[in-house]
Amino acid sequence: MILIHRLRGEEMFLNADLIESIQASPDTIITTVEGRKIVVAESPEEVVDRIKMYRASILAAAEELRNQTEGSVIVFPVSDDDD
């Protein structure tokens with residue numbers, strides 16, 4: 001999720017994976033995969049930078065988790081139901 005602001009300043013968290021396009025005309029308009037249009041205060045470049053930071057934070061967290069569990073045995077529960 002990325003933090004963006006509507007034109008009146010209200011904060012909004014948006015799932016970055018649902019963004020289809022970002023355009024400036026002159027306000028920044030984010031179009032989601034469902035076709036919803038959201039006008040935001042940030043520039044398209046700011047939105048893209050926030051998406052990059054969000055995705056980089058996921059990769060960093062995954063790497064940290066991998067380092068914490070390196071050499072450990074991870075046990076996944078197995079269901080007793082064989083049907």
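Mentor: A polar contact is a pair of N or O atoms within 3.5 Å; within protein, one must be able to donate a hydrogen and the other to accept it, and residues adjacent in sequence count only if both atoms are side-chain atoms. This is a predicted model, where local features need pLDDT of at least 70, side-chain atom pairs count only at pLDDT 80 or more, and totals for chains, interfaces and linings use all residues. Residues are numbered from 1 along each chain as its sequence is written, and side-chain values use heavy atoms, without hydrogens and water.

Trainee: What makes the pair of Thr 28 and Glu 42 a polar contact?

Mentor: A polar atom of the Thr 28 side chain lies 2.6 Å from the backbone oxygen of Glu 42. The limit is 3.5 Å, so the pair counts.

Trainee: Why is Thr 28 called buried?

Mentor: Its relative accessible area is 5%. Buried means under 20% (exposed is over 50%, partly exposed in between; 1.4 Å probe, protein chains only), so Thr 28 is buried.

Trainee: Which residues beyond four places in sequence touch Thr 28?

Mentor: Among them are Ile 22, Val 40 and Pro 44. Contact means heavy atoms within 4.5 Å.

Trainee: How do you know that β1 and β2 pair?

Mentor: Four bridges join β1 (residues 2-5) to β2, and the two run antiparallel. Pairing takes at least two DSSP bridges, so they pair. Ile 4 has Met 12 in β2 as its bridge partner. Strands here are DSSP runs (E, at least two residues; helices are H or I, at least four), numbered from the N terminus.
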